Amino acid sequence: MRYFPPPRALTISWLALLGLLALTLFAAYQPLGAFNTVVALTIALIKAAIVAALFMELRGDDGLTIVFASAGFFWLAVLFWLALADFLTRPGFPPRLSPWL
Amino acid sequence: MPEPAPAFQYATLSQQHGAARLGMWTFLATEVLFFGGVLLAYVVYRYGYPSAFAEAARHTHIAIGAANTAILLTSSFLVAWGVEAAKQGFGRFAALLLWSAAASGLLFMALKGYEYRLELSESLFPDDGFAITGSVAGGARLFFVFYFIATALHALHVAIGIVVLAAIGARARGGAYSAAYYAPLTVAGLYWHFVDMVWIFLFALIYLPGRA
């Protein structure tokens, strides 16, 4: 069987993803207060961007494909915007939960 | 192998490939919203019950979660490598890479199953006799409702992906793909990378809160 070496960009992406995983694990144990969540989600977004751009090859894709790929995330943003505009401004939220829910 | 020809409704193979890619991204957009609804519920309740979510997240097994993240990231790399290898005519080597990725998926599922078993034995399933009590009990139950639904939906996607990768690997081994014809390869790859991407966010939301 003939061996095909991994393209450099893919190897670098993979190593970067594992590095970011180590970084987010380390950061999770640092007492940063509310910033722990910000750091965790920022690193998750960077990892997702690497997967989308390099593994899913969006980086070399034409504009139409990128628009199609962005559509789901656009509507997701609308979903979060409208839903959070409701819940974050609702009097009486969060409701008091009984111990069994 | 005969020269691959486009299906009758396409003028060229590259047009056919472009249509397949757009179709797959359209499907993935519906998947983004499918998982997005579950994530929205998490965000709303984490906003509502932050200390309960932190307490519940501390009960998850971060070592297993981190190992599974590394496994999925590596499997995605193997798939991207395999797609490239098959395109360049290294069909047999590509099959090895794609099957290795499928095997990584099986390892992920096995670890996930072991993790579920640990959680059931620790009474973390949100039914009668739930382990976390006191003022945070209700919110912690909500966290574990999210945990079991989100990870089970994700595992279902991994299971489908394993079957797809195994099948695509077999076709690659038979020399079905080339620099001219590779649409099924990239479409299968897109699906697997998307499943990986969902896990990246689940990992950050499930295992990391409340550790500091």
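Predicted model: local features only at pLDDT ≥ 70, side-chain atom pairs only at ≥ 80, totals over all residues.

Residues are numbered from 1 along each chain as its sequence is written, and chains are lettered from A and ligands numbered from 1 in the order in which they are written.

**Stop 1: the interface.** Select chains A and B: 48 residues of chain A are in contact with 45 residues of chain B (contact requires C-beta atoms, placed from the backbone, within 7 Å). On the chain A side, the elements giving two or more residues are α1 (8–28), α2 (35–55) and α3 (63–87) (helices are DSSP runs of H or I, at least four residues, numbered from the N terminus). With 13 residues, α3(A) gives the most to this side. The residues of this side comprise 39 nonpolar, 7 polar and 2 charged (nonpolar: Ala, Val, Leu, Ile, Met, Phe, Trp, Tyr, Cys and Pro; charged: Asp, Glu, Lys and Arg; polar: the others, Gly among them).

**Stop 2: α1(A) against α3(B).** Select α1(A) and helix α3 (residues 62–87) of chain B, which pack at an angle of about 170° with their axes 10 Å apart (axes are lines fitted to C-alpha atoms over the stretch in contact, and angles run from 0 to 180 degrees between N-to-C directions). The two helices are therefore roughly antiparallel (an angle over 145 degrees). Residues to display include Trp14(A) and Leu18(A) of α1(A), and Leu73(B) and Phe77(B) of α3(B). This contact has 12 nonpolar, 2 polar and no charged residues.

**Stop 3: α2(A).** Next, select α2(A). Its buried residues include Asn36(A), Ile43(A), Lys47(A) and Phe55(A) (buried: 20 or more other C-beta atoms, placed from the backbone, within 10 Å of the residue's own). Their cover includes α1 of chain A together with α3 and α6 of chain B. Just after α2(A), Glu57(A) takes a positive phi of about 60°.

**Stop 4: α5(B) and α6(B).** Finally, select helix α5 (residues 137–173) and helix α6 (residues 183–206) of chain B, which pack at an angle of about 155° with their axes 10 Å apart. That angle makes α5(B) roughly antiparallel to α6(B). Among the residues that meet are His154(B) and His157(B) in α5(B), and Trp192(B) and Trp199(B) in α6(B). The contact comprises 17 nonpolar, 4 polar and no charged residues.

Key:
Contact = placed C-beta atoms within 7 Å. Parallel < 35°, antiparallel > 145°, perpendicular 65-115°, else oblique. Buried ≥ 20, exposed ≤ 12 C-beta atoms within 10 Å, placed from the backbone.
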